[in-house]
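Hello,

Here is the structure I promised to pass on to you. Please have a look at it, and then read on for my notes.

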Amino acid sequence: MELKWLLYVTLLALGTLAVRAHDMDDDNDVDDVVDIEDDLDDGIEDVEESKSETSTPPPTPKVTYRAPVPTGEVYFAETFDKGTLDGWILSKAKKDDTDDEIAKYDGKWEVQDMKDTKLPGDRGLVLVTRAKHHAISSKLSKPFVFDTKPLIVQYEVNFQNGIECGGAYVKLLSKTPELNLDQFHDKTPYTIMFGPDKCGEDYKLHFIFRHKNPKTGKYEEKHAKRPDADLKTYFTDKKTHLYTLVLNPDNSFEILVDQTIVNSGNLLNDMSPPVNPPREIEDPNDQKPEDWDERPKIPDPDAVKPDDWDEDAPAKVPDENAVKPEGWLDDEPEYVADPDAEKPEDWDEDMDGEWEAPQIANPKCESAPGCGTWQRPMIDNPNYKGKWKPPMIDNVNYQGIWKPRKIPNPDFFEDLEPFKMTPFSAVGLELWSMTSDIFFDNFIICTERAVADDWASDGWGLKKAADGAAEPGVVGQMMAAAEERPWLWVVYILTVALPVFLVVLFCCSGKKQPNAAEYKKTDAPQPDVMNEEKEEEKDKGDKEEEEEEETNEEKLEEKQKSDADIGSASQEEEEEEEEEEDRKHASEEEETVNRSPRNRKPRKD
């Protein structure tokens, strides 16, 4: 018991210290200073000092950077590690229908190292300026034609400063005779637009393709459904993320972030608006007939207002059974002038009027049930019925909700292979952003998944490994958190002490069972299972013990009477019976002694 109480007191003291230390941390938040010298004992301080002295982090493993190299056929691959914008063309166009001050694509692009990079030598394309129009593009090694092979588009993005409002998507520019990268702008035809975009709290991951209507020849944008995954982390954690689009000849598609699928579907079923229009449409020339009745219910024309229906009866009436409470102060107003109020010194009665003290609640009404003229409370009027209206009945002339008839859609077509899109010959970034320093890297366009995976492993995978090597382990993170908030040491100690306390509590709280060796080495029988259970339940009260003692005494008297009645037995039999009775008496007396040492009976010679 002493050990239990000691553990209880120890945990209570540590918990109190934790709360006090946490309160001190909250009070000193402004100065970012936490002083726990008055809360923790010398032992805990010594642990902190020893840990701070020996918590020097191990040297960070170095990850050597090497630019990724395509392992198969590619249409486009760019790492920017040569440090220049060779092969990229800056747009000189202007946006239409925009003020000249902001119409130019004069946003700056540069090749830079990533901020806080763990891989020296790894460079990328950086959108440098904010609140500007940016446009830059580059030719593919050869145009991509949609035939029997998949399309895989992959690149990396890092929002180094986060992102307020802006995009980081790419456009695959359609192969047309009019394509001029020097005049790349928002209306330049593209085949696919893919990538992240954010404004406000709307986080998007675009996949849009332009589909050509085979009947009219016009293009229409088709948008993939929104991903079910939460995309917010990819915009806010300031880490490099890998975006991948996989488009297959069977019209299926997959969108991956960091090699994890976040969206998938089919071009025929999961785009908005649908690729193929409906076979039938509503006839635009069909009009609802004038006598068409769409009312399922109508007022009963045969209903008549009852003679006793009173439409003028009020909804509320005074409660005639109410009685004015005793002590009601009829002559006292609810509010009185504040006797302590004084007219301001600068009060001008000519301009401000006659000064009056402000009103306050009447102090005399505080102890009374009410003040002023008493009025009966209002209750619902049982005779109130309101304005009479005829009941509603089924409309026998109801014809249903009218809809125009269906006619064949004159613009209907069926394109079962929307994968076969317009070929594209360039990749471009045409962006507006309110945040600067958006980092792009490691673009690749290919047809083989293995090639894209190898490229990702040698590029993004290397960045991930370097970031992981630089991040502290769980223990290191806990130590760093405790250095900023010393009261966490108490939390750590409690976390370790609680399981130990529970183990000790359960191990030490069990009742100690008697050892068989403790019984006398005699022929007396040992207590059976029932007796052991009774011994374990001896705490139930002295009453049960007394009843058991009386029962034992009655047994002794009966045995003595039986001894006296056996007179015809031989001397040898009497001696044997006496010895047997002696042994029984000794056993019973021993049990009685175990139950209650106060009533020990002397053995009979």
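By salt bridge I mean a side-chain nitrogen of Lys or Arg within 4 Å of a carboxyl oxygen of Asp or Glu. Arg405 lies in the loop between strand S22 (392-394) and strand S23 (406-408), and Asp286 in the loop between strand S16 (280-282) and strand S17 (297-299), so the pair ties together parts that are 119 residues apart in sequence. Helices (H or I, at least four residues) and strands (E, at least two) are DSSP runs, numbered from the N terminus. Asp286 counts as buried because its relative accessibility is 18%, while Arg405, at 49%, counts as partly exposed. The cut-offs here are under 20% relative accessible area for buried, over 50% for exposed, and partly exposed in between (1.4 Å probe, protein chains only).

Before going further, a word on the basis. This is a predicted model, in which local features need pLDDT of at least 70 and side-chain atom pairs count only at pLDDT 80 or more, while totals for chains, interfaces and linings use all residues. Residues are numbered from 1 along each chain as its sequence is written, and side-chain values use heavy atoms, with hydrogens and water left out.

The structure holds 27 salt bridges. One of them joins Lys463 and Asp122, with 2.8 Å from N to O. This pair links distant parts of the chain, 341 residues apart: Lys463 is in helix H7 (residues 460-470), and Asp122 is in the loop between strand S3 (109-113) and strand S4 (123-127). Lys463 is buried at 6% relative accessibility, and Asp122 is buried too, with a relative accessible area of 2%.

Glu417 and Lys420 form another salt bridge, their closest N and O atoms being 3.5 Å apart. Glu417 is partly exposed at 44% relative accessible area, and Lys420 is partly exposed at 48%. Elsewhere, Asp122 and Lys463 belong with Glu156 and Asp441 to one network of salt bridges that share partners.

Now to the strands. S13 (residues 252-257) and S14 (residues 260-266) pair in the antiparallel sense over 6 bridges; for strands to pair, DSSP has to find at least two bridges between them. Leu256 has Ile261 in S14 as its bridge partner. The two strands form a hairpin with 2 residues between them, and Asp258 in the turn has a positive phi of about 55 degrees.

Some backbone points may interest you as well. Most residues other than glycine have a negative phi, and most peptide bonds are trans. Lys238 has a positive phi, near 60 degrees, and is placed in the loop between helix H4 (232-236) and strand S12 (241-247). Asn442 also has a positive phi, near 55 degrees; Asn442 lies in strand S25 (residues 438-446) and counts as buried at 1% relative accessibility. Ser272 and Pro273 are joined by a cis peptide bond, with omega about -10 degrees. Pro273 lies in the loop between strand S15 (271-272) and S16.

Best wishes
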